[in-house]
Amino acid sequence: MRTVEIVEVSPRDGLQNEQRIASTEAKLDLVDRLIEAGARRIEAVSFVHPKLVPAMADAEAVMARVPRRDGIRYIGLALNERGVRRAIDAGVDEVNFVIPATEAFALANQNTTRARLLDELAAVAPLLQDARLGLTLTVAVAFGCPFSGEVAPDEVARIVAEAARRAELAELALADTIGCAVPGQVEALFARDAIRTHTGRRAHFHETRHTAIANAFAALSAGVRALDSSVGGLGGCPFAPGAAGNVATEDLVWALERGGWATGIDAGSATEAGRAICAAVEVSPRSGLAAAGTFPPATPLEVPRQDHR
Ligand code: MG
């Protein structure tokens with residue numbers, strides 16, 4: 001069976017935008033459940049200004065208490081140099097640094113320009129090397145921007161090339177931050193020369209317009225072998241109007257496994273983890289498996305008899 005790595009982002013992208021802020025305890029319980037379900041790479045926190053993203057204010061406290069086990073890696077997301085320094089001090093295993101594809105989203109998300117973010121990337125790269133931490137670059141709004149609309153693939157390729165000149169990127173992630181990408185677009189962008197040549201490529205899809213699973217398969221067709229998802233379909237970006245949840249881990253895993261891809265994740269356990277964290281933040285799970293159960297069913301259903309007389 002072919003394998004694909006699932007990067008579980010529910011503790012970070014899943015919870016950052018919920019009205020009710022999950023307690024540190026609830027986040028740690030989520031991480032335990034994710035590991036139990038088979039997750040090995042978990043985007044656990046982001047290091048952002050607590051006034052702007054209050055749900056992530058306890059990032060250091062979460063990282064201090066997550067279970068440290070062989071083979072489990074924790075990712076911290078950072079939007080600037082200060083965030084990267086906090087991530088290193090907090091003991092993350094990897095850093096995910098975000099640069100948007102558009103100037104408008106850089107301003108809305110990070111209150112700066114793409115050029116300044118590229119400079120910050122250059123500044124943090126040696127810090128990460130000294131700390132022996134992997135660096136992922138995420139290009140946000142790579143498939144469309146809530147403010148400037150269509151994003152030219154050339155622009156994404158340019159940002160990637162500029163970033164690669166400034167830092168050694170262990171991984172390159174393209175994010176459909178607002179969930180507007182379609183499969184042909186995904187396959188084409190990941191197949192572009194500037195992007196295809198990266199050994200580690202990762203895709204981040206949102207389910208806003210119900211194209212996320214189709215997009216995931218398109219990314220696989222283009223050779224991508226790491227996909228982000230969030231149990232319960234939790235998620236959204238606080239600075240991206242209209243952005244709905246991340247693709248639900250349980251739905252993605254179910255579809256992938258049915259398609260002959262090994263994920264290492266148990267869809268049923270992921271569904272339960274999603275239910276638990278959704279209950280903690282008082283929302284309903286947004287996943288097909290939570291609503292309809294898995295297929296085939298674990299126990300055969302009894303055939304109902306209709307009396308048509
Ligand atoms: Mg996201």
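**Figure 1. The contacts of T263 beyond its sequence neighbours.** Setting aside residues within four places in sequence, T263 touches V4, I6, V253, L256 and E257 (contact means heavy atoms within 4.5 Å). This is a predicted model, in which local features need pLDDT of at least 70, side-chain atom pairs count only at pLDDT 80 or more, and totals for chains, interfaces and linings use all residues. Residues are numbered from 1 along each chain as its sequence is written, and side-chain values use heavy atoms, with hydrogens and water left out. T263 sits in the loop between β10 and α12 (267-280); helices (H or I, at least four residues) and strands (E, at least two) are DSSP runs numbered from the N terminus. T263 is buried, with 10% relative accessibility (buried is under 20% relative accessible area, exposed over 50%, partly exposed in between, with a 1.4 Å probe and protein chains only). Look also for R2: its C-alpha lies 8.8 Å from that of T263, although 261 residues separate the two in sequence.

**Figure 2. A244 in the loop between β9 and α11.** The loop between β9 and α11 holds A244, which is partly exposed at 30% relative accessibility. Which residues does A244 contact, leaving aside its neighbours within four places in sequence? They are H206, T208, G235 and G236.

**Figure 3. Helix α6 alongside helix α7.** Here α6 (residues 114-130) and α7 (residues 153-166) bring their axes within 9 Å, crossing at roughly 30 degrees. Axes are lines fitted to C-alpha atoms, for helices over the stretch in contact, with angles from 0 to 180 degrees between N-to-C directions. The angle makes α6 roughly parallel to α7 (under 35 degrees is roughly parallel, over 145 roughly antiparallel, 65 to 115 roughly perpendicular, the rest oblique). The crossing of α6 and α7 is right-handed, meaning that the near helix is turned clockwise from the far one by less than a right angle. On the α6 side the contact is made by R114, L118, D119, L121, A122 and A125, and on the α7 side by E155, R158, I159, E162, A163 and R166. By class, this contact has six nonpolar and six charged residues, with no polar ones. Ala, Val, Leu, Ile, Met, Phe, Trp, Tyr, Cys and Pro count as nonpolar, Asp, Glu, Lys and Arg as charged, and the others, Gly among them, as polar.

**Figure 4. Helix α8 against helix α10.** The axes of α8 and α10 are 8 Å apart, and the helices pack at an angle of about 30 degrees. That angle makes α8 roughly parallel to α10, and α8 and α10 cross in a right-handed sense. From α8, the residues P183, V186, E187 and F190 meet A214, N215, A218, A219 and S221 of α10. How do the residues of this contact divide by class? Six are nonpolar, two polar and one charged.

**Figure 5. The buried side of helix α10.** Within α10 (residues 212-221), the residues A212, N215, A216, A218, A219 and L220 are buried. Their cover includes the helices α8 (183-191) and α11 (249-258), along with the strands β7 (171-176), β8 (201-205), β9 (226-229) and β10 (261-262). Just after α10 comes G223, with a positive phi of about 95 degrees.

**Figure 6. Backbone angles worth a check.** Most residues other than glycine have a negative phi, and most peptide bonds are trans. N111, in the loop between α5 (103-110) and α6, has a positive phi near 55 degrees. H210, in the loop between β8 and α10, has a positive phi of about 60 degrees, though it is not a glycine. Are these two residues buried or exposed? N111 is exposed, with a relative accessible area of 65%, and H210 is exposed as well, at 69%. The peptide bond from F295 to P296 is cis, with omega near -5 degrees, and P296 lies in the segment after α13 (288-292).

**Figure 7. The whole chain, for orientation.** The protein contains 13 helices and 10 strands, and 54% of its 309 residues are buried. Along the principal axes, the C-alpha atoms fill a box of roughly 75 × 40 × 35 Å. Among contacts with a separation of 6 or more, 73% join residues 24 or more positions apart.
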